[in-house]
Amino acid sequence: MRVALFLTCVNDTLYPDTGRAVVKLLTRLGVEVDFPMAQTCCGQAHYNTGYRHEAEPLARHFSDVFGEYDAIVTPSGSCGAMVRELYPRMGERARAEGRGDTLAATLAPVVPKTYELTEFLVDVLEVTDVGAYYPHRVTYHPTCHGLRGLGLGDRPRRLLQAVRGLELAELPGAEECCGFGGTFALKNSDVSAAMGADKVRNAESTGAEVLCAADNSCLMHIGGTMARLRTGMRPVHIAEILASTEEEPAV
């Protein structure tokens, strides 16, 4: 199996340790991971802000870069959902506009083989115990794109429950949005901040040291709120927890 890491813009720019954690984890599980250097933005920011036509060249480039791989793994539910959910819609809209089937045909090969990390672990590799060790009390936030877009269900929780030393605390109101929503946080900043504060207060009530999620964009928003409220908690991507071992522990 030829597996490519689709790191995403946010992770490449702000959270490269998440990408390193994915490679470390998958390598430990016997997967050879390639990082195509030509990868760029998948077009999600453009599409979600209403610039669908401007997103199309980015989607075509994504397909060109990743099309030959057997699996494309990303540590981001939102970017994974962009490829899986919205690339087909882009093709359908182009067809409806009388531009033929070219875009749909170009994007079709990458759609079924793009996986969010926890999906790939549970559904493709068929593992839940990845040999991780993380001696901390953790609460898990299911992000909107992962929960409602990709339907990740209990996959992340099953992986966390198998981590040695980890105490998993139930998050009240877990399925409520954290308030990020990409440009929503800019256009509706007061609402976004209030939703973030609610999420952080719920996380605090669990007594956890760490709030974990599968998408760093949401963790960025939640982490900023934690810092402003001086909670003492910290946000950690699930990949970094799963990559942690007794020999090479994550902090």
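Begin by selecting D123 and R155, which form a salt bridge whose closest N and O atoms are 3.1 Å apart. A salt bridge here is a side-chain nitrogen of Lys or Arg within 4 Å of a carboxyl oxygen of Asp or Glu. In general, side chains of opposite charge can pair when their charged atoms come close.

The model is predicted: local features need pLDDT of at least 70, side-chain atom pairs count only at pLDDT 80 or more, and totals for chains, interfaces and linings use all residues. Residues are numbered from 1 along each chain as its sequence is written, and side-chain values use heavy atoms, with hydrogens and water left out.

Next, colour domain 1 (3-124) and domain 2 (137-243) separately; these bounds come from an automatic or database domain assignment. The C-alpha centres of the two domains lie 22 Å apart. Their contact (heavy atoms within 4.5 Å) takes 28 residues from domain 1 and 22 residues from domain 2.

How much area is buried between domain 1 and domain 2? The value is about 2,000 Å², with carbon and sulfur atoms giving 62%. Buried area is the accessible area (1.4 Å probe) that two parts lose on being put together, summed over both. Select Y15, T118 and V122: they supply 21% of the area that domain 1 buries against domain 2, more than any other three residues.

Between domain 1 and domain 2 the count is one salt bridge. Now display the helices α1 (9-14), α2 (16-28), α5 (77-96) and α7 (117-124), each of which supplies at least two residues of the side of domain 1 that touches domain 2. Helices (H or I, at least four residues) and strands (E, at least two) are DSSP runs, numbered from the N terminus. The largest share of that side, seven residues, comes from α2.

Finally, select R137 and E167, a salt bridge with its closest N and O atoms 2.4 Å apart. R137 lies in strand β5 (residues 137-140) and E167 in strand β6 (residues 167-169), so the pair ties together parts that are 30 residues apart in sequence. For the structure as a whole, the number of salt bridges is 14.
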